[in-house]
Amino acid sequence: MRIYSTCTVCDQQLMLAELGQTQHPNCQTSSPTGDPLADAFLAAVEADDQHTADQLAAQLDGVDQRPPQLGRAAVAYAELGWPVFPLQPGDKIPYPRSRGFKDATTNLDVVRRWWTNAPHCNIGVATGHMFDVLDVDITRKDGTPSGALWEWVELRDSGKLPDIHGISITPRGGLHVLFQPTGGGNLAGFRPGMDYRGRGGYIVAPPSRRADGRRYQWWVRPSPHITARGQRPVEHGPHAA
Ligand SMILES: [Zn+2]
């Protein structure tokens with residue numbers, strides 16, 4: 001089993017030598033400030049892109065009152081070819097009157113409209129299309145260990161897992177481990193504390209957050225193997241053109 005990600009500098013495939021690695025050893029970091037927003041501003045100024053520079057300057061000054069980056073992230077996922085749909089703010093259940101993953105789409109206009117109308121919605125991504133997910137719940141709802149951590153370590157070290165193409169961390173400290181899709185469906189509780197999500201399932205994606213403010217975060221950025229990066233995204237769902 002190998003773990004693949006995407007280099008934060010060159011945006012190309014990155015095979016991890018160790019967890020926590022985010023760029024190729026030879027890729028010079030282009031981040032003099034360490035602040036992506038400030039870097040983007042400097043890049044826009046250098047490129048003489050006044051419009052973008054003004055927008056970024058407003059954000060840097062705190063003038064931009066737009067709530068969280070959820071809408072931007074939802075659009076970015078749709079651009080990767082990931083079918084998305086809105087979840088209730090601070091929650092993992094579908095937005096009222098939505099049909100959940102059945103409404104998931106990569107249609108950018110639809111996605112923009114959803115998050116413009118309800119900017120605080122969390123992001124659901126339908127599984128089984130661009131990736132499947134192993135959902136490892138390390139703690140139960142009451143905070144006690146589920147035993148899944150040991151199951152996960154055993155599974156990971158067994159040599160039986162396919163290559164990993166991204167890992168996100170849930171607010172309860174669980175893991176969403178992303179694989180290339182098998183075409184199969186969901187498999188609940190196939191090991192203690194673990195569910196497998198394929199066709200007919202979904203995950204909550206970063207930077208979605210719980211009501212208490214704790215966020216879902218990327219630990220291993222998704223690899224190009226499970227994204228349509230650089231390709232024309234495939235349209236999914238009832239809103240597809
Ligand atoms: Zn690189």
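Among contacts in this protein between residues at least 6 apart in sequence, 63% join residues at least 24 apart, where contact means heavy atoms within 4.5 Å. This is a predicted model, in which local features need pLDDT of at least 70 and side-chain atom pairs count only at pLDDT 80 or more, while totals for chains, interfaces and linings use all residues. Residues are numbered from 1 along each chain as its sequence is written, and side-chain values use heavy atoms, with hydrogens and water left out. The protein has five helices and eleven strands; these are DSSP runs numbered from the N terminus, with helices being H or I of at least four residues and strands E of at least two. Buried residues make up 39% of the 241 residues (buried means under 20% relative accessible area, exposed over 50%, and partly exposed in between, with a 1.4 Å probe and protein chains only).

**Helix H3**

- Let's start with helix H3, where seven of the ten residues are buried, so this helix is largely enclosed by the rest of the structure.
- The buried residues of H3 are Leu70, Gly71, Ala73, Ala74, Val75, Tyr77 and Ala78.
- Their cover includes S3, H4, S4, S10 and S11.
- Just after H3 comes Gly81, with a positive phi of about 90°.

**How H3 meets H4**

- The axes of H3 (residues 70-79) and H4 (residues 108-117) come within 9 Å and cross at roughly 165°; axes here are lines fitted to C-alpha atoms, for helices over the stretch in contact, and angles run from 0 to 180 degrees between N-to-C directions.
- H3 and H4 are therefore roughly antiparallel to each other (angles over 145 degrees count as roughly antiparallel, under 35 as roughly parallel, 65 to 115 as roughly perpendicular and the rest as oblique).
- The crossing of H3 and H4 is right-handed, a term used if the near helix is turned clockwise from the far one by less than a right angle, with anticlockwise giving left-handed.
- On the H3 side, the contact is made by Leu70, Gly71, Ala74, Val75, Ala78 and Glu79, and H4 contributes Leu108, Val111, Arg112 and Trp115.
- By class, this contact has seven nonpolar, one polar and two charged residues; Ala, Val, Leu, Ile, Met, Phe, Trp, Tyr, Cys and Pro count as nonpolar, Asp, Glu, Lys and Arg as charged, and the others, Gly among them, as polar.

**The two faces of H4**

- Val110, Val111, Trp114 and Trp115 are the buried residues of H4.
- Seen down the axis of H4, these buried residues fall within an arc of 120°, so they line one face of the helix (the arc is that of the directions from the helix axis to the C-beta atoms).
- As a reminder, an α-helix has 3.6 residues a turn, so residues three or four places apart point the same way.
- The face of H4 turned away from the buried side carries the exposed residues Asp109, Thr116 and Asn117.
- H3, strand S3 (84-87) and strand S4 (122-126) are among the elements covering the buried residues of H4.

- In helix H5 (residues 148-157), the buried residues are Ala148, Trp152 and Leu155.
- Viewed down the axis of H5, they fall within an arc of 70°, so they line one face of the helix.
- Exposed residues Trp150, Glu154 and Asp157 sit on the face of H5 turned away from its buried side.
- The buried residues of H5 pack against strands S5 (132-136), S7 (175-179), S8 (187-191) and S9 (194-197).

**His176 and its neighbours**

- His176 belongs to strand S7 and counts as buried at 5% relative accessibility.
- Leaving aside residues up to four places away in sequence, His176 touches Val133, Leu134, Asp135, Gly166, Ile167, Ser168, Thr170, Ile203, Val204 and Tyr216.

**Backbone details worth a look**

- The peptide bond from Pro206 to Pro207 is cis, with omega near 0°, and Pro207 is found in the loop between strand S10 (202-205) and strand S11 (217-220).
- Asp11 is not a glycine, yet has a positive phi of about 65°; this residue is found in the loop between strand S1 (4-6) and strand S2 (13-15).
- At 32% relative accessibility, Asp11 counts as partly exposed.
- Arg97, in the loop between S3 and H4, is a residue other than glycine with a positive phi, near 70°.
- At 84% relative accessibility, Arg97 counts as exposed.
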